[in-house]
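Let's take a walk through a protein model together, one stop at a time. Keep the picture open beside you and look up each residue as we reach it.

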Amino acid sequence: MAKRRVKKRTHKKITEEELASIPKSMVIHLGASLKNHSLSQLVADVRNVMQPHTAINLRERKSNKLKDFIVMCGPLHVSDLMIFNQLEAGNITLRIGKLPRGPTLQFKVNSYSLCKDIHKILRHPKSIARDSSIFHMPPLLVLNGFGKILEMAQHEKLMVTMFQNMFPPIQPQSTNVSSIKRVLLISKNKDTDELELRHYAINTKLVEENRNVKKLIQSHHNLKKNLPRLTKNQDVSELLLDPYSVGGLTSDSEVEDDAVVEIQQEKLFKKEEIKKPVEEGQEEDEEQPAVAKTKRAIKLTELGPRINMSLMKIEEGLIGSSKTLYHASIKKTDEEVKSLEKKHQLKQQLKLERRAKQQAAVQAKLDKKEAKKARRKARKEGEDAEEEESDEEMASQSEQEQDEDEDEVEINPEDYENDSDLYSDVEV
């Protein structure tokens, strides 16, 4: 049986190093937010945005604490943790923490719209299941309104870096353009410093080809599309060479010229078709890539959700009571910052001292337990030795008794040589 050919160019295996370098995320909500059905649906929508490198089927319980998820992020190689929380006043916050040591960004969610709300307002919505093929690749991150990196403030640079590291980087030379099927747009309003998060699906259409040819191609990919009618044509060439269907942009409802881009696609041709000389070490039926340029019109369809949020605070540590690097509403002077740093150092020193005392107490308890075990072991060994000595004494006593019994039973025939009583019981 012939050996099956394995595709090496399009089916490359991911190495362990590349798999470990891919950022993974976990989106959760805890506390009172579990009772908010709308917020639970928002968490599910955000998980769809972060696919495929996220915990899509994660279930939270009332008994779960934040520490439980942080502990489990290590074995699962999770690099980003997104936490939605609802305060007692009703305000919703979003915290994005970088594992394992931080920093943590805290946002205030001003307003949000779910995916089902987006579908209601669109004229031609696109309903996609969460196991669809467009979620097999991460979205393309687009940042708008942030300006140049050199002109940004320190907290904005940190925020942009956090957003960029939440998704795997794109390599223009090796990334296939057709694999990018979604866009995550994060735009900043310079007047209010609010962030707007949008999620889109990318649709492409052929531009240069004949309209009838495009109908045939679309009917091949989608069986619900109707085939073009051939009742008025005598030959297929009349359908393909129709002068009134050339160009693609024949109505005002079509896309504009700005949305038309040129895409380079690699197609596989055999050597007989491209007529290239055979190189050494290659087989005759080997396929070689050839670059073909096509023009396509790009259209974005919003999937949802929409989130309007504002940056409130940046913490140095992961999540919890750690040093604050930036606060939107509270500003400190240099003297206040220095005094806070001193207080923070004192707290850290006291924390280390308490931890050292606890470790010393724990070690003392362990030593005490080991000493007790050693005493019990020695006592047990002594009892075993005494039992062995008593057994030896009993064995020696039994041997002596046996020897005495043997001495009593032995008969010396010399003492009864001339005595006829010795043979009195013998019958002749």
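Predicted model: local features only at pLDDT ≥ 70, side-chain atom pairs only at ≥ 80, totals over all residues.

You will find Asp193 in the loop that links strand 6 (182-188) to strand 7 (194-206).

Where else does a positive phi turn up in a residue that is not a glycine? Look at His77, where phi is about 60°. His77 also sits in a loop, this one between helix 3 (66-73) and strand 2 (80-86). With a relative accessible area of 61%, His77 is exposed, since the label applies to values over 50%.

While we are looking at the backbone, let's visit two prolines. The peptide bond that runs from Leu99 to Pro100 is cis, and its omega is near 5°. Pro100 belongs to the loop between strand 3 (92-98) and strand 4 (104-113). Another cis peptide bond joins Gly304 and Pro305, with omega at about 0°. To find Pro305, go to the loop between strand 9 (287-302) and strand 10 (306-315).

Now for the side chains, and first those that carry charge. Side chains of opposite charge can pair when their charged atoms come close. How many salt bridges does the structure hold? The count is 7, and we can look at some of them in turn.

One of them brings together the side chains of Glu60 and Arg47, with 2.7 Å from N to O. Glu60 lies in the loop between helix 2 (37-49) and helix 3, while Arg47 is in helix 2, so this pair ties together parts that are 13 residues apart in sequence. Are these two residues buried or exposed? Both Glu60 and Arg47 are buried.

Another salt bridge links the side chains of Asp80 and Lys98, at 3.3 Å from N to O. Because Asp80 lies in strand 2 and Lys98 in strand 3, the pair ties together parts that are 18 residues apart in sequence. Asp80 and Lys98 are both buried.

Next, find Lys188, which forms a salt bridge with Glu156; their closest N and O atoms are 2.2 Å apart. Here Lys188 is in strand 6 and Glu156 in helix 5 (residues 154-164), so the pair ties together parts that are 32 residues apart in sequence. Once again both partners, Lys188 and Glu156, are buried. Salt bridges can also share partners, and in this way Glu196, Arg198, Glu302 and Arg306 are joined into one network.

What about bonds between cysteines? A disulfide is a covalent bond between the sulfur atoms of two cysteines. This structure holds 0 disulfides.

Let's finish our walk on the surface, where residues of a kind gather in patches. Which residues make up the patch of positive charge? They are Lys365, Lys368, Lys369, Lys372, Lys373, Arg375, Arg376 and Arg379. One of them, Lys372, is in helix 9 (residues 334-409). Lys372 counts as partly exposed because its relative accessibility is 40%.

There is a negative surface patch as well, formed by Glu381, Glu383, Asp384, Glu386, Glu387, Glu388, Glu389, Asp391, Glu392 and Glu393. Glu393, for example, is found in helix 9, the helix in which we placed Lys372.

Our last stop is a nonpolar patch on the surface, made of Leu216, Leu227, Val236, Leu240 and Leu241. Together these residues have about 480 Å² of accessible area. Leu227 lies in the loop between helix 6 (211-221) and helix 7 (236-240). Because its relative accessibility is 58%, Leu227 counts as exposed.

Key:
Residues numbered from 1 in each chain as written. Heavy atoms only, no water. Patch = residues over 30% accessible without salt bridge, like charges linked within 9 Å, V, L, I, M, F, W, Y side chains within 5 Å. Areas by Shrake-Rupley, 256 points an atom, 1.4 Å probe, with all protein chains shown as cover. Salt bridge = Lys/Arg side-chain N within 4 Å of Asp/Glu carboxyl O. Lys, Arg positive; Asp, Glu negative; His and termini not counted. Charge placed at Lys NZ, Arg CZ, Asp CG, Glu CD. Helix = DSSP H or I, 4+ residues; strand = E, 2+ residues; numbered from the N terminus. Buried < 20%, exposed > 50% of the residue type's maximum accessible area, 1.4 Å probe, protein only. Disulfide = S-S within 2.5 Å.
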